[in-house]
Amino acid sequence: STQTIRTLPVPGIAKSFVLDAGSCQFTGSNHPVWDRIADDNPIMLAHMGDLHYGDTTEAATWRTAVESSLSAARMRALLSKTMMTWTWDNHDRIITNPTGAGTGLNLGETDQATNTEWRKLAGSQGWSSSDTAGRTWTIGRVRFIQTDQWTVRDDGDGDPAPRTFLGAAQKQWFYDTLANATEPMIVWFCQWTGQNHANGRWNSFPEETTELENWINARPEVKAKMVMIGGDSHSLQVTDGTRTAAQGQRFEGIPNYNISGFNRTSDTGQGGAGWLVDQPLRTTGQLEADWGGYSRMTFTDTGTELTLLWEGVRVNAAGATDIMATQTFTVETEGLTLVQRIRNLAARIGAEIKAVRGEIAGKANAADLDNVFGIATSKVSPTDPRVPIVLAQSAYDALNPPVPGQLYITYPG
């Protein structure tokens with residue numbers, strides 16, 4: 001059988017693409033939302049947590065719940081063609097509550113076995129720190145950052161202030177990643193909406209959240225190119241950055257687009273003033289398991305302008321979709337340097353060569369080969385019985401002086 005592996009394009013080259021994101025699903029969900037995401041043909045799926053609702057304190061139970069969700073038929077079909085990055089939220093980690101205060105689900109801590117067990121499957125390289133599952137990557141000219149806000153957190157109601165949810169190492173990694181980002185757009189998968197909730201979210205860690213805000217506010221050149229994509233709320237919330245701290249918004253001034261869950265939904269919105277959109281994905285009388293939603297992000301890069309079109313997509317039990325909200329975030333970019341233009345051209349030529357090679361493969365005669373190009377370019381008589389083949393560059397070089405970068409079409413002589 002043939003297996004295909006999709007890799008990310010070369011960083012720094014203007015690239016248009018689709019990336020989908022979201023959070024929250026029933027354990028083992030086989031909802032049509034996964035089919036609709038697959039239809040988008042996204043370059044990646046960013047899962048911001050609650051891959052399952054195991055709510056467990058045991059590693060074995062956690063593994064069973066993870067496997068149940070990843071092996072559901074529609075999810076499995078999606079992952080067979082689309083790479084996924086995942087950070088756990090409150091329900092899909094291994095929960096501990098060492099202080100014994102309150103409830104461990106939202107305000108407890110996380111067993112490091114969560115991190116250890118996941119790395120058995122996902123590998124040990126490329127994480128935000130040795131003890132957290134955050135990561136960063138670049139697609140085209142967009143920098144993505146996905147933080148892990150549960151693995152090394154303090155107990156939100158049992159530990160004394162100031163408390164951390166990122167941990168010292170991951171927080172420094174976050175600062176360094178933002179400071180060193182040369183890309184014109186930064187997308188932060190921040191797991192939660194920007195609403196200043198406690199119960200294990202931003203306002204359970206007010207000192208650290210304020211520290212993060214102050215660091216970003218002191219660097220307006222970084223803040224101006226940031227977008228926050230969240231989940232967690234089981235509903236839809238949108239602000240273009242105009243919602244204020246007085247209205248309950250953290251990271252005021254940064255656009256914040258949120259829709260969830262993939263297959264967990266509420267019949268109420270978040271509440272609070274200032275949202276451009278704040279609404280549920282279903283009504284009170286509708287069955288929760290029938291509904292899902294996700295963020296579809298379409299990036300269009302012309303070389304001088306980079307635009308994110310964000311769409312909050314809702315999916316019903318029959319797989320029908322509707323767009324609940326849209327937002328556009330555009331940054332003007334400097335013209336590409338000569339080196340970047342050459343890289344873009346080389347990438348396009350490489351793609352064309354691959355396409356031509358694919359179409360040439362299996363052609364029976366010169367006439368068929370001419371049909372690939374639309375004109376008689378093979379310079380082989382249509383009645384010639386000899387079969388055209390494609391020589392590798394190394395094979396041709398052994399016979400003729402090399403001409404770098406050319407694709408050679410010839411036939412046995």
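C190 is buried, at a relative accessible area of 0%; buried denotes under 20% relative accessible area, exposed over 50%, and partly exposed the range in between, with a 1.4 Å probe and protein chains only. C24 also counts as buried, at 1% relative accessibility. A disulfide is defined as a pair of cysteine sulfur atoms within 2.5 Å, and by this rule the count is zero disulfides.

The model is predicted: local features need pLDDT of at least 70, side-chain atom pairs count only at pLDDT 80 or more, and totals for chains, interfaces and linings use all residues. Residues are numbered from 1 along each chain as its sequence is written, and side-chain values use heavy atoms, with hydrogens and water left out.

Helices (H or I, at least four residues) and strands (E, at least two) are DSSP runs numbered from the N terminus. Two strands pair if DSSP finds at least two bridges between them.

| Strand pair | Sense | Bridges |
|---|---|---|
| Strand 6 and strand 7 | antiparallel | five bridges |
| Strand 7 and strand 8 | parallel | five bridges |
| Strand 8 (residues 185-191) and strand 9 (residues 226-230) | parallel | five bridges |

T136 has I145 of strand 7 as its bridge partner, R143 stands opposite I186 in strand 8, and V187 is bridged to V227 in strand 9. Strand 6 and strand 7 form a hairpin with two residues between them, and G140 in the turn has a positive phi of about 60°.

Strand 7 is mostly covered, five of its five residues being buried. In a regular strand the side chains alternate between the two faces of the sheet. In strand 7 both faces are covered: V142, F144 and Q146 are buried on one side, and R143 and I145 on the other.

**Helix packing**

Contact means heavy atoms within 4.5 Å. Two packed helices are described by the angle between their axes and the distance between the axes. Helix 6 and helix 7 (residues 206-217) pack at an angle of about 15°, and their axes lie 12 Å apart. The two helices are therefore roughly parallel to each other; angles under 35 degrees count as roughly parallel, over 145 as roughly antiparallel, 65 to 115 as roughly perpendicular and the rest as oblique. Helix 6 passes helix 7 in a right-handed crossing. A crossing is right-handed if the near helix is turned clockwise from the far one by less than a right angle, and left-handed if anticlockwise. On helix 6 the contact is made by K171, F174, Y175, L178 and A179, and on helix 7 by E208, E211, L212, W215 and I216.

In helix 5 (residues 113-122), the residues T114, N115, E117, W118 and R119 are buried. The buried residues of this helix pack against helix 2 (59-70), strand 3 (84-86) and strand 5 (109-110). After helix 5 comes G123, which has a positive phi, near 90°.

**Backbone features in the loops**

Most residues other than glycine have a negative phi, and most peptide bonds are trans. C24, although not a glycine, has a positive phi of about 75°. C24 is found in the loop between strand 1 (17-22) and helix 1 (33-40). N41 likewise has a positive phi, of about 50°, and is not a glycine. N41 is placed in the loop between helix 1 and strand 2 (45-47); with a relative accessible area of 42%, N41 is partly exposed.

Cis peptide bonds also occur. The bond from A161 to P162 is cis, with omega near 0°, and P162 is located in the loop between strand 7 and helix 6. The bond from S260 to G261 is also cis, with omega near 0°; G261 lies in the loop between strand 11 (256-259) and strand 12.

Conventions. Axes are lines fitted to C-alpha atoms, for helices over the stretch in contact, and angles run from 0 to 180 degrees between N-to-C directions.
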